[in-house]
Every structure is written in C-alpha cells, then in structure tokens.
Amino acid sequence: MSSVPNGPWFTSLPSCETRVPCGAGRHTVRWEAGSLRLPSHPDAEGELVLAALGGEKARCVEVAEAWARHTDDLSVLAIGPRGPADEIAVDWDDVIAAAQDSPGRRPVGGPGLGGPQRPGPLASRPGPTMARVAAKQRQLQEDALAAERRRNDILSLLALGYGFQVRLIGQVAATHAVRLAGRPGGGEAVRPALVAAIAGRLALVAEEWLGIDPDQVVVNLHHGSGWGSAELTGRGEDRRLRVSLPIGWLASVWACGLARVGRHLVVAVEQPGWPQARVLGLRAPGAQPEPLDVHASPGDVPHWEI
C-alpha cells in the first residue's frame, strides 16, 4: 500500500474557532480547510485599505495578517506546544499589555531615535559621517519595530489557543516538507530545526507507546519513498528508539491528533478524512506497519480510536 496521503495534510482535521476581542466586542475567528477565516469581517481587504489611509485596523484582521506572516516560520515549531498537556498560558490580556508597552508607543531613546530632540552646536556642515549616523538610526528604528511586530504576532497566535497552535505547526511543517521535496539533498540550514520539532513531539508519544524515556528517542529525517523506519536497540540506560520519519509526519499525523491510536504508533496516513481515516500503525518497533481504520471524536484536535 502507498504511504503517501491522497489529500492535503489537514484533511483529517475538523474546523475550529475561537473568540477574539475586536473593537467593542468579541468576534469569531475560524480555521477551516487550511485557512484562517473572519466571519465578522467579510471585506477584510477593504478594511486594510482604510487602515492604510489612517483608520484603525481591526484586531481580527491583525491576527489574520500575523498568521499569514508565520506559515513558514521555523520558530513556531520551537515555541508551539509538544502535546495536549503542554499548555502555553498566553491570553488576550497579555497581548493587549504587550501592545501598550511596544517600542512604537514610546521613545526608542536618544536624539534621532524617537527621543527628545535638543538643539546643539553645529560642529560641521552635514557630510558623509552624519548621513551614516542617520542611516544607522533609521535601521535601529526599523529593527525595533520589526522585533515589536514579531513579538506581538507570536503572542496573538498563541492566544488563539491550542487548536490553532497545532494547526499553525502543521502548516509550517507542510510548507517546509514541500520545499524539501523540491530540493533533493538540500535544506541543510533548516534540517536541525525540523528534526528537533519532530523529536520533541515524537518523544512524548513514544513515552506513552513504549514507556521509554523521552531522552532515549533518536530521530532522523526520512527522505524518499515510504514512511521511514523504527527500531529499538540496546538495554537499560543504553536503550534507544531510533526513528526516521518525513517532515510531513508532523503535519498529516501529529497535527491531526493521529500520532498514537490505541497501542499503535501511527507513521503515515493512507486515506485522510474526517471523522474517518485509514492510517498505517506500528504495534512495535521493527514490525511492519499495518493499515488501521480509525474514527474521531469531536474536538479542536480530535481523539482517534480504532
């Protein structure tokens, strides 16, 4: 049987939604079929035009922009949760407080950087040195604003809750899986972050699956056809679970809540779907994966059973 899913990575995920403080109330933000949607803002593009002309930008729209900016951001894999018990306690009060304390709302410091301007003696006529100083000051301002936007972006995305956090991780993993597939033998710069992203999450699943210490799980990226491999070696402190998986596993399996079903470690999805799917599961390391028909219970990240 083929281990290549015959649909998008998110086919085995239901929609999910949350409420975001926006304007004078709270608006629904929904994730559906791989996209973030704003039911209360049917003309989001028009609102962006008005904001560019000096109007206030709605927080829902800001959240959607933040999501779009980070769909290939590897740091999302490091910041995001490793499992349902890995709660990230960020709420909208934290987001609002951070925005009020942003560098853009206070002086960056020093003349030319947003601080108080004081007249001084004219030492010399403007020249290359002053131009370089002005360029450096502008760069510092741009860097401060970029760091502010990134921090506020990440806080807003985390405040959406676990269901959205998992879906963003899946999107980032899927984006890089496509990129790596188009560059055979390439991607060395991103490989360590991708391996760490799988290892941190697989280790917790393996602990439930085999009772093995998470520190004894060794992960490699699998390239080529098939799902990869899994073997258990050594004894006692030298015991190691060595697993090789494609980066797409993080999206189509883990992000969809399918990593462990019953007593099986799921290594691939054969027929994605909601609320029923067919997966390939390992009963034990070294065994051949077997096809399993699974069904899901409701939830932002579903619980699957055979």
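This is a predicted model: local features need pLDDT of at least 70, side-chain atom pairs count only at pLDDT 80 or more; totals for chains, interfaces and linings use all residues.

The conversation below takes up several labels in turn.

Visitor: How many helices and strands does the protein have?
Guide: The protein has eight helices and eleven strands. These are DSSP runs numbered from the N terminus, with helices being H or I of at least four residues and strands E of at least two.

Visitor: Why is Cys16 called buried?
Guide: Buried means under 20% relative accessible area, exposed over 50%, and partly exposed in between, using a 1.4 Å probe and protein chains only. Cys16 has 3% relative accessibility, so Cys16 counts as buried. Cys256, at 0%, is therefore buried as well. Buried residues make up 39% of the 306 residues in the protein.

Visitor: How many disulfides does the structure hold?
Guide: The structure holds zero disulfides; the criterion is a pair of cysteine sulfur atoms within 2.5 Å.

Visitor: What makes Trp67 and Phe164 an edge-to-face pair?
Guide: Rings of Phe, Tyr and Trp (its six-membered ring) pair if their centres lie within 6.5 Å; planes under 30 degrees apart count as stacked, over 60 as edge-to-face and the rest as tilted. By this rule there are five aromatic pairs. Trp9 and Phe10 form an edge-to-face pair, with 5.5 Å between centres and 85 degrees between planes, and both residues are buried. For Trp67 and Phe164 the centres are 6.4 Å apart and the planes stand at 90 degrees, so this pair is edge-to-face. The pair links distant parts of the chain, with Trp67 in helix H2 (residues 59-69) and Phe164 in helix H6 (residues 162-181), 97 residues apart. Trp67 counts as buried because its relative accessibility is 6%, and Phe164 because its value is 1%.

Visitor: Which residue lies over the face of Trp31?
Guide: Arg167 does, at 4.9 Å from the ring centre. A charge sits over a ring if NZ of Lys or CZ of Arg is within 6 Å of the ring centre and within 35 degrees of the ring normal. Arg201 lies likewise over the face of Trp254, at 5.1 Å. Trp31 also belongs to one aromatic cluster with Trp9 and Phe10.

Visitor: How do you know that the buried residues of H4 line one face of the helix?
Guide: Helix H4 (residues 92-100) has the buried residues Trp92, Val95 and Ala98. Seen down the axis of H4, they fall within an arc of 120 degrees (taken from the directions from the helix axis to the C-beta atoms), so they line one face. The face turned away from the buried side carries the exposed residues Asp93 and Gln100.

Visitor: Why is Asn220 called partly exposed?
Guide: Asn220 has a relative accessible area of 47%, which is why the residue is called partly exposed. Asn220 is placed in strand S4 (residues 217-221). Leaving aside neighbours within four places in sequence, Asn220 is in contact (heavy atoms within 4.5 Å) with Val243, Ser244 and Leu245. The C-alpha atoms of Asn220 and Ser244 are separated by 4.7 Å, although the two residues are 24 residues apart along the chain.

Key
Residues are numbered from 1 along each chain as its sequence is written. Side-chain values use heavy atoms; hydrogens and water are left out.
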